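Hello,

Here is the structure for you to take over. My notes on it come after the entry.

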Amino acid sequence: MSIIKAENITKTYNESTIPVHAINGINLQIEEGEFTAIVGPSGCGKTTFLNILGGLDKATKGSVEVAGVNIGEMPDSKLIDFRLKNIGFVFQAYNLIPVLTNKENIEFIMLLQKKDKKERETRAMELLEQMGIADKANLRPSELSGGQQQRVAVARALASKPAFILADEPTANLDSKSTATLLDIMAKMNQEEKATFVFSTHDQRVIDKAKRVITLEDGVVISDVTR
Amino acid sequence: MLLKLSWKNVWRSKARSFVVIGSIILGVWALLIGTGFMNGFGVSYMADVINHDVSNIQVHNKEFKKDFDINYFVSNGTEKAAKVRTWPHVKATTTRIIINGMISSPKKGAAVQIRGIDIANEQKVTQLDSLLIEGSYFKGLKRHPIIIGSKLAKTLHVKLRSKVVLTFTNDEGLITAGAFRIVGIVKSSSVKINELYAFVKQKDLAKITSIGHQVHELAILLEPHVNEAATVAKYNQTYKGDMVETWKEIAPELALMQQMYNQMLYILMLIIMTALVFGIVNTMLMAVLERYRELGMLMAVGMGKANVYAMILIETIYLGLVGAPLGLLAGWLTLSYYSKVGVDLTEYSEGLESFGYSSILYPYLENNVYLIVTFSVVVTAIIGALYPAWKAVKLNPVEALHKI
């Protein structure tokens with residue numbers, strides 16, 4: 001079943017002055033349980049495409065369906081709620097809340113979903129165990145290494161059991177050891193939790209691990225390889 | 001968790017939060033001190049005038065105050081005063097004969113209001129004896145003793161035991177005079193007591209004027225903080241035909257002053273809170289801009305605009321709720337201290353006394369002011385947070401996430 005269905009996606013900036021086509025008519029389907037990397041050189045449109053798939057940005061043309069719902073036509077207020085329930089995000093700079101503990105950071109998403117305390121705590125601890133950082137539950141993000149922080153960010157993204165997880169350059173700030181650990185964990189989550197991952201990256205280590213690699217150049221898909 | 005997150009956010013930048021909290025403490029303290037000191041002037045002035053001069057309620061013949069004609073008495077005034085004295089909440093009553101006339105010494109003359117007083121009851125109503133700065137309260141002189149104010153004594157160039165002559169028109173319209181000897185000199189913040197009144201024994205004045213036991217004025221002092229309306233209503237029901245006035249009618253300037261001091265509180269509050277609003281807006285705007293990326297992330301992962309708005313609002317309210325009680329405590333402690341020891345303004349006593357103010361100031365603040373100030377700080381915090389919170393919810397998550 002297609003989790004994401006993008007049809008003829010176009011994103012043009014400065015439409016009224018000098019138009020810049022960041023994305024130029026992309027058609028794509030991503031199935032449930034995929035571990036997909038969107039790759040390409042800087043400025044090829046990876047992040048823009050990911051933002052459109054995640055409902056953070058609107059396409060100039062075309063439609064995006066996530067879990068059968070056309071998110072392109074959704075008003076902002078509904079889109080926020082839709083993202084909360086269906087999409088997990090992992091950012092390059094981790095973007096954890098510095099004043100909360102690692103466990104609270106993971107619980108926060110479930111709290112927004114109005115899940116009860118017991119469920120939140122159990123799920124957060126379960127994820128921290130899976131990430132191998134259960135002993136860091138009550139520390140703050142600043143007390144962890146970059147790799148560990150990114151693992152908390154992945155746990156946060158998985159907390160609400162979303163339809164898929166969008167990870168924008170998740171390994172860009174990590175050393176090779178942390179990258180390997182993170183990728184192993186994400187691959188494991190992909191297998192065990194059937195979590196669908198979509199990365200934007202130009203990190204070869206991520207590309208090597210991906211089951212499907214979609215290459216963009218100048219806003220168009222130039223190759224789509226499933227391994 | 002929103003409450004918890006907001007509380008933790010407040011302490012992200014301790015120095016910045018302490019600056020805002022400090023300015024709230026200072027603002028609240030300044031507001032309380034300013035109001036307390038202003039009120040102190042007003043309350044002590046009003047208390048002086050009510051306790052030493054006009055009392056809570058006065059009763060006259062309806063015609064008397066038109067021309068202060070000696071022939072308009074309060075019928076059975078002495079009996080009425082005795083009866084009213086037994087009523088609930090009435091602390092004391094006294095009667096007076098009041099005649100406008102002249103007082104002259106060998107060197108000078110001046111216009112005075114001659115007040116023939118019942119010395120025992122006058123003491124209870126106006127504590128006239130407590131205002132003595134020289135001499136005694138009608139003791140030591142058997143024949144025609146008189147007490148005058150310090151300013152009047154200066155004007156007449158007289159001192160204790162000096163002889164003065166009171167001249168006035170009697171009940172038949174004839175000029176009458178009587179010689180009196182000064183037995184005491186009083187000083188008060190009331191200009192009238194200092195310059196205008198001459199106090200003599202009621203029986204001495206009655207003898208000179210031949211008006212017998214008739215009186216022109218009943219003065220009624222109530223227990224502290226008792227509303228005059230009930231006693232006025234009871235008097236009017238019991239004795240019809242007299243003119244009964246409260247201090248607010250007798251001295252409307254006092255009521256006006258009371259009103260003015262109340263308004264000053266709000267004006268001062270407006271000034272201080274306006275300054276505070278700008279401080280809060282500035283700080284919270286900095287807090288929002290500093291966390292721009294984080295706020296973008298929160299909105300990206302699904303935190304609704306209402307929650308983001310509420311979070312900023314709660315953070316600001318926390319700042320107010322930390323600052324306001326400390327400011328209130330500081331203000332309360334300062335006012336409590338100075339309300340006991342007073343603020344010595346004797347350096348400016350001449351100027352103050354010419355306006356009827358005491359040179360020792362005792363700040364005073366009613367309890368409800370503390371509540372009003374607390375409420376206004378919370379409202380100010382909310383107003384100060386509106387713009388930064390609006391700015392936060394207006395951000396574009398994509399732009400915010402890529403902000404360096």
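Predicted model: local features only at pLDDT ≥ 70, side-chain atom pairs only at ≥ 80, totals over all residues.

Chain A

The secondary structure of chain A consists of seven helices and ten strands. Its radius of gyration is 17 Å, close to the 17 Å from the globule rule for 227 residues, so chain A is as compact as a globular protein of that length. The C-alpha trace of chain A spans about 50 × 40 × 35 Å along its principal axes. Of the 227 residues of chain A, 56% count as buried. If one takes the contacts in chain A between residues at least 6 apart in sequence, 68% of them join residues at least 24 apart. The accessible surface of chain A is about 9600 Å², and carbon and sulfur atoms account for 47% of that. On the charge side, chain A carries 28 positive and 30 negative side chains, with the centres of the two sets 4 Å apart.

Nonpolar cores

The largest nonpolar core has 84 residues, and the members that touch the most others are Phe49(A), Leu32(B) and Val373(B). Helix H13 of chain B (residues 305-341) supplies the largest share of this core, nine residues. Another core, of 33 residues, lies apart from it; among its members are Ile106(A), Ala153(A), Val154(A) and Ala167(A). In soluble globular proteins, nonpolar side chains tend to be buried together.

For Leu32(B), setting aside neighbours within four places in sequence, the contacts are Gly327(B), Leu328(B), Gly331(B), Trp332(B), Leu335(B), Leu365(B), Val369(B), Tyr370(B) and Val373(B).

Helix H12 of chain B

H12(B) covers residues 292-301, and nine of its ten residues are buried. Among the buried ones are Tyr292(B), Glu294(B), Met297(B) and Val301(B).

Lys80(B)

Lys80(B) sits in helix H4 of chain B, residues 77-84. Is Lys80(B) buried or exposed? With a relative accessible area of 7%, Lys80(B) falls under the 20% cut-off, so Lys80(B) counts as buried. Not counting residues up to four places away in sequence, Lys80(B) touches Val74(B), Ser75(B), Leu218(B), Tyr235(B), Tyr239(B) and Asp242(B). From Lys80(B) to Leu254(B) there are 174 residues in sequence and 27 Å in space, C-alpha to C-alpha.

Regards

Methods. Residues numbered from 1 in each chain as written. Chains lettered and ligands numbered in written order. Heavy atoms only, no water. Core = buried A, V, L, I, M, F, W, Y, C linked by side-chain atoms within 4.5 Å. Buried < 20%, exposed > 50% of the residue type's maximum accessible area, 1.4 Å probe, protein only. Helix = DSSP H or I, 4+ residues; strand = E, 2+ residues; numbered from the N terminus. Contact = heavy atoms within 4.5 Å. Rg over C-alpha atoms; globule rule 2.2 N^0.38 Å. Areas by Shrake-Rupley, 256 points an atom, 1.4 Å probe, with all protein chains shown as cover. Lys, Arg positive; Asp, Glu negative; His and termini not counted. Charge placed at Lys NZ, Arg CZ, Asp CG, Glu CD.
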